[in-house]
Amino acid sequence: MKRLSGEERRSQIVEGAYAIILEKGLSGTATRDVTRHLGVGSGLLHHYFKTWGDLRAEVVKTFIQQEIGALHQALSDCPNEEMVERFIDWMISDPNLRFWKLWLDAIEEARRDPNLATIVQDGHIKWHSAIMDLINRCAEGGPPDGVNSQHAAWRISALVDGLMGIIAIGRTPLTKELVKVLLSEQIHMELRRDPASAP
């Protein structure tokens with residue numbers, strides 16, 4: 001069996017913790033769940049991460065980087081006129097909403113964990129930047145007069161988190177199809193377009 005380097009072992013631990021956290025939730029996962037999943041002792045985990053808080057913070061940081069990267073990739077070759085639909089489809093593509101549940105869980109846990117709060121704050125900034133880029137690209141040459149793309153991006157971001165927070169809990173009349181309609185309408189309104197023209 002190949003001996004892993006320190007960097008490879010650290011990545012293995014983060015990936016293993018990520019898999020368990022997606023399954024059990026951020027607040028429902030403990031160190032023993034990760035060690036059992038990886039088949040290692042807690043001493044090995046603590047060699048790379050001093051505390052469980054350090055490990056879960058690294059998992060959330062990695063998760064945010066992967067998701068923002070995936071969004072940029074999904075939009076990279078998309079024609080401007082199809083970007084809104086592509087963005088919304090990407091956002092609700094996870095059938096079990098595991099990624100949204102992790103993000104919302106991280107926001108809640110960040111209230112009690114300053115280290116995690118810093119990572120979540122950075123995630124909000126990256127997410128806001130991605131939405132602002134979406135607005136500017138859809139506007140083709142700059143947002144219409146009177147549209148502040150930074151403000152619009154925050155409003156859309158808040159709406160996304162709110163809607164996905166409702167739907168992730170379940171047992172709600174809100175559906176993914178209605179989420180698509182509401183977000184499409186909001187983005188078109190932010191761009192000073194007639195929402196009735198939304199697909």
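This is a conversation about a predicted model of one protein chain.

Reader: What am I looking at, and how are the residues numbered?

Author: This is a predicted model, in which local features need pLDDT of at least 70 and side-chain atom pairs count only at pLDDT 80 or more, while totals for chains, interfaces and linings use all residues. Residues are numbered from 1 along each chain as its sequence is written, and side-chain values use heavy atoms, with hydrogens and water left out.

Reader: How many helices and strands does the protein chain have?

Author: The protein chain has 9 helices and 0 strands. Helices (H or I, at least four residues) and strands (E, at least two) are DSSP runs, numbered from the N terminus. The C-alpha trace spans about 60 × 35 × 35 Å along its principal axes.

Reader: And what share of the residues is buried?

Author: Buried residues make up 42% of the 199 residues in the protein chain. Buried means under 20% relative accessible area, exposed means over 50%, and partly exposed lies in between (1.4 Å probe, protein chains only).

Reader: Which residues touch the most others in the largest nonpolar core?

Author: That core holds 58 residues, and those touching the most other members are Leu55, Phe87, Met91, Trp127, Met164 and Val179. A nonpolar core is a set of buried Ala, Val, Leu, Ile, Met, Phe, Trp, Tyr and Cys residues joined through side-chain atoms within 4.5 Å.

Reader: Which elements give two or more residues to this core?

Author: They are H1, H4, H5, H6, H7, H8 and H9. H4 gives the most, with 11 residues.

Reader: Take Val179, then. What is Val179 in contact with, apart from its neighbours within four places in sequence?

Author: With those neighbours left aside, Val179 is in contact with Met91, Ile92, Leu163, Met164, Ile167 and Leu174. Contact means heavy atoms within 4.5 Å.

Reader: Changing topic: how many aromatic pairs are there in the whole structure?

Author: A search of the whole structure finds 5 aromatic pairs. One of them joins Tyr18 and Phe63, and this pair is tilted, with 6.2 Å centre to centre and 55° between the planes. Rings of Phe, Tyr and Trp (its six-membered ring) pair if their centres lie within 6.5 Å; planes under 30 degrees apart count as stacked, over 60 as edge-to-face and the rest as tilted.

Reader: Where do Tyr18 and Phe63 sit in the chain?

Author: Tyr18 is in helix H1 (residues 6–24) and Phe63 is in helix H4 (residues 52–76), so the pair links distant parts of the chain, 45 residues apart. Tyr18 is buried, at 12% relative accessible area, and Phe63 is buried as well, at 4%.

Reader: What about Trp90 and Trp127?

Author: Trp90 and Trp127 also form a tilted aromatic pair, at 6.4 Å centre to centre and 40° between the planes. Trp90 lies in helix H5 and Trp127 in helix H7 (residues 114–139), so the pair ties together parts that are 37 residues apart in sequence. Trp90 counts as buried at 19% relative accessibility, and Trp127 is buried at 6%. Together with Phe87 and Trp100, these two residues form one aromatic cluster.

Reader: How far does H7 reach from its first C-alpha to its last?

Author: H7 has 26 residues and reaches 37 Å, close to the 38 Å expected at 1.5 Å a residue. The expected span of a helix is 1.5 Å times one less than its number of residues.

Reader: What is at the ends of H7?

Author: Asp113 caps the N-terminal end of H7, where a side-chain oxygen lies 3.0 Å from the backbone nitrogen of Asn115. H7 is followed by Glu140, whose phi is positive, near 50°.

Reader: Which elements cover the buried residues of H7?

Author: The cover includes H4, H5, helix H6 (98–110), helix H8 (149–169) and H9. Among the buried residues of H7 are Leu116, Trp127, His128 and Cys138.

Key
Polar contact = N/O pair within 3.5 Å; in protein donor to acceptor, adjacent residues only side chain to side chain.
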